[in-house]
Every structure is written in C-alpha cells, then in structure tokens.
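Q: Please take one residue of this chain and look at it closely. Then go on from there to the strands and helices.

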Amino acid sequence: MSLRSRPLSYQHFRISFPDEHVVQVTLDRQQKLNCIDKATSREIAQIWEWFDQDETLWAAIITGVGRAFCTGADLHEWNSMNQAGVVNDMGAPGLAGLPRRDGKKPIIAAVNGMCMGGGFEMVANCDVVIASASAVFSLPEAKRGIVAVAGCLPRLTRTIGLQRTMDLVLTGRRVGAQTLFDWGLVSRLVDTGDDVAVAALGVAKEMCSNSPDALIVGRVGVRMSWENGSVEGAVTALADQWYPRLMAGPNFAEGVRAFVEKREPRWLDSKL
C-alpha cells in the first residue's frame, strides 16, 4: 500500500506530498514548541517505515511550524511517567524514529527554529540538514539531570569532533545555525525570513532528478563509512553487497544510455 493511500490524520503533525516523489512531515504542536510525546513518536516512526516501503517516494523532509523545529521529548509526560514508576524506554530508533534510524532512503531536516534535546538528536542523524540562519540548537539534558543517550553523542562526535561535542553536551549552551554550519553539521543555511521547508524541497527535487537506485546505494555507502570503524570495510561491503544490485536494476543501464543518447534519463521506481 502506498503512503498516499493510507489514512494520514494526526494530532500533532501533518503529512503532505509537496512533489511527486517527496513526503513531508511537519511538526505542529506550537503551544508546546513542537515537543514530541510517546504516541506521536511512534506515529512518526511508522511514517518512516511506510516511506521506505513506498517505491514511489524517494526522499523525505521533516520540519516544524512556529518558533520551534522540535524541543525534544515531552518532559511533562516524562514527569508523569516517573511519578507512576514507568520506565522510559530510550531504545532504537529513538524519538520520532530518527536518532538511531538506519532506513533506506534520505531524510532532510529543515530546521525552522529552536532545535533542542531530542530534536537535536533527530537532526544529528538526518542525511541532510538545512537550517534557517535564525535557528538555535542545544543539548540541555544535563540541566535536567538527563543525558542524550538516544544516539546523537557518538554521531555528533564523528561529525563535529570530540571537543565541540563535549562543549555542547557538558554545558548545555545554545549555539546558532551559523556555528553548526561552520562545524559541519548544517549542510546549507537559509536566510532568516525565507521558508526553510521550501529550500529543503528544492534539495529534495534535486535528489529526485537522479536515479532512485543511486540515491539508496549512495546513501548506504556514505552511512557505512560514518557508522563503521573501518573505511576499507565499508568500501568492500558497498562494492560486494550493494553495487551488484545497483547494476542489476534498470536505472543503471538507463542512466548510461541517456548520456550516450544525449537526453534526460527516464527513471523507474527503485526495487532495491
């Protein structure tokens, strides 16, 4: 079943399809700065699973409306759980299915405003991060006696380095999007006042002009090199396990043929 054909009405976020091959999740709980409760987290995680299964969708965007992108988990809910003696499970794939997501297809984070705690953990594992110049990021967990254990600590360390990650985690201080652009986490900056989701859609369309098979296999190769300790091990796994599957699909031959025939390629939905 395609994602479009499912009932997609949710309390705290919206689903849209801004382009033929793109799905967008828009967090919309503005009165609580787009923090995510347990039920919403499970619902969004399910969207990513359906996204990976839907051959017609090749890229995804997650963004927010209002002042915040996402300020993490709902701490009022956490407090109620603590008082009831309920253990808060921080297992994979984490808040909204993102901090420890492996998945198959690329997700773009379009950070429109405050990005804190679990929201930052979500962004740290997205494939591309586009941020408004006015966006603010922080990991304030230590201020509440919490630690960001859902997956971002080792990932941030690999992306921005040991000392910079220590600075953010141990102080809980806020940093601007420009700083994280300079440090290498934010891929592209969008001027304050411009619509960051529109900018993200432009990047998604750029991706979707390419072979969907190449998007999947290229993403696997990049993430293998990031997640694994051995660069050569990642290269070998990609070449031995994934490249033969890429070559066996019709889009591999189509891309080369279109180049020779001097025309735009006619991509088919990926079967990988």
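This is a predicted model: local features need pLDDT of at least 70, side-chain atom pairs count only at pLDDT 80 or more; totals for chains, interfaces and linings use all residues.

A: R188 has a relative accessibility of 41%, so it counts as partly exposed.

R188 belongs to strand 10, which covers residues 188–190. If the neighbours within four places in sequence are set aside, R188 touches V129, I130, A131, F181, V203 and E206. A45 lies 143 residues away from R188 in sequence, and the C-alpha atoms of the two are 25 Å apart in space.

Strand 4 runs parallel to strand 6 (residues 114–116), and 2 bridges join them. C70 has C115 of strand 6 as its bridge partner. As a general point, side chains in a regular strand alternate between the two faces of the sheet.

Another pair of strands is strand 1 (residues 13–19) and strand 2 (residues 22–27), which run antiparallel and are joined by 5 bridges. The link between strand 1 and strand 2 is a hairpin of 2 residues. Here S16 is bridged to Q24 in strand 2.

That leaves a pair of helices. Two packed helices are described by the angle between their axes and by the distance between those axes. For helix 4 (residues 152–160) and helix 5 (residues 162–171), the axes come within 7 Å and cross at roughly 135°. This angle makes helix 4 oblique to helix 5, because only angles over 145 degrees count as roughly antiparallel. The crossing of helix 4 with helix 5 is right-handed.

Helix 4 contributes L153, L156, T157 and I160 to the contact, while helix 5 contributes L162, R164, T165, L168 and V169. Sorted by class, this contact between helix 4 and helix 5 has 6 nonpolar, 2 polar and 1 charged residues.

Technical notes. Residues are numbered from 1 along each chain as its sequence is written. Side-chain values use heavy atoms; hydrogens and water are left out. Two strands pair if DSSP finds at least two bridges between them. Helices (H or I, at least four residues) and strands (E, at least two) are DSSP runs, numbered from the N terminus. Axes are lines fitted to C-alpha atoms, for helices over the stretch in contact, and angles run from 0 to 180 degrees between N-to-C directions. Angles under 35 degrees count as roughly parallel, over 145 as roughly antiparallel, 65 to 115 as roughly perpendicular and the rest as oblique. A crossing is left-handed if the near helix is turned anticlockwise from the far one by less than a right angle, and right-handed if clockwise. Contact means heavy atoms within 4.5 Å. Ala, Val, Leu, Ile, Met, Phe, Trp, Tyr, Cys and Pro count as nonpolar, Asp, Glu, Lys and Arg as charged, and the others, Gly among them, as polar. Buried means under 20% relative accessible area, exposed over 50%, partly exposed in between (1.4 Å probe, protein chains only).
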